[in-house]
Amino acid sequence: MSVIESIVRRSPRAAYPKLVEVARYIHGLNPKSHERRHAALLATAGCMTGEDGEDFERAVRAEADRIDGDSW
C-alpha cells in the first residue's frame with residue numbers, strides 16, 4: 001500500500017474536503033502546474049480590447065464595492 005493510499009484509508013469520511021485541499025496543495029507544488037497556469041494566463045491576457053475591455057472594466061469598478069463578503 002502506498003503512503004497516499006494509507007492516508008486515505010485511515011482518514012475519516014468527514015476529512016474528505018481536507019484531503020482534497022491537501023491534494024490541490026501538493027499538485028500546486030509541481031513546477032509544471034505553475035508553468036501551465038502561467039501559459040494559460042499569457043494566452044488569455046488582453047483578449048478583451050477596445051470598447052469591450054473598457055465596458056468590462058467599468059462594470060467591475062462599479063460593482064466591486066457592492067460585494068458582500070458575508071453572503072458567501
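The secondary structure of the protein chain comprises four helices and zero strands, and, read from the N terminus, its elements follow the order α-α-α-α. The model is a predicted one, and the values reported below were computed from its atoms. The radius of gyration of the protein chain is 20 Å, well over the 11 Å that the globule rule gives for 72 residues, so the chain is more spread out than a compact globule. Along its principal axes, the C-alpha trace spans about 55 × 35 × 10 Å. Of the 72 residues of the protein chain, 4% count as buried, and the accessible surface of the chain amounts to about 6,900 Å², with 59% of that area belonging to carbon and sulfur atoms.

Separations between individual residues were also computed. Asp52, which lies in helix α4, is 40 residues from Pro12 in sequence, and the C-alpha atoms of Asp52 and Pro12 are 49 Å apart in space. Asp52 counts as exposed, because its relative accessibility of 55% lies over the 50% cut-off for that class. Val3 and Pro17, which are 14 residues apart in sequence, are separated by 19 Å from C-alpha to C-alpha.

Val3 is found in helix α1, and helix α1 covers residues 3-10 and also contains Val8. On the surface, Val3, Ile4, Ile7 and Val8 form a nonpolar patch, whose members together contribute about 370 Å² of accessible area. Val3 counts as exposed, with a relative accessibility of 61%, whereas Val8 is partly exposed, with a relative accessible area of 46%. The two residues fall into these classes because exposed means over 50% relative accessible area, while partly exposed covers the range from there down to the 20% limit under which a residue is buried.

Charged side chains provide a further set of contacts. Side chains of opposite charge can pair when their charged atoms come close. Counted as a side-chain nitrogen of Lys or Arg within 4 Å of a carboxyl oxygen of Asp or Glu, the salt bridges in the model come to four. Among them is the pair formed by Lys18 and Glu21, in which the closest N and O atoms are 3.5 Å apart. Lys18 and Glu21 both belong to helix α2 (residues 16-29), where they are placed three residues apart, about one turn of the helix. An α-helix has 3.6 residues a turn, so residues three or four places apart point the same way.

Asp55 is partly exposed, its relative accessible area being 35%.

Helix α3 (residues 31-44) contains another such pair, Glu35 and Lys32, which are three residues apart, about one turn of the helix. The closest N and O atoms of the salt bridge between Glu35 and Lys32 are 3.7 Å apart, and Glu35 is partly exposed, with a relative accessible area of 43%. Lys32 also takes part in a contact through its backbone, since at the start of α3 a side-chain oxygen of Asn30 reaches to within 2.8 Å of the backbone nitrogen of Lys32.

Leu42 is exposed, with a relative accessible area of 56%. Just after α3, Gly46 takes a positive phi of about 80°.

Key
Residues numbered from 1 in each chain as written. Predicted model: local features only at pLDDT ≥ 70, side-chain atom pairs only at ≥ 80, totals over all residues. Heavy atoms only, no water. Patch = residues over 30% accessible without salt bridge, like charges linked within 9 Å, V, L, I, M, F, W, Y side chains within 5 Å. Areas by Shrake-Rupley, 256 points an atom, 1.4 Å probe, with all protein chains shown as cover. Helix = DSSP H or I, 4+ residues; strand = E, 2+ residues; numbered from the N terminus. Buried < 20%, exposed > 50% of the residue type's maximum accessible area, 1.4 Å probe, protein only. Polar contact = N/O pair within 3.5 Å; in protein donor to acceptor, adjacent residues only side chain to side chain. Rg over C-alpha atoms; globule rule 2.2 N^0.38 Å.
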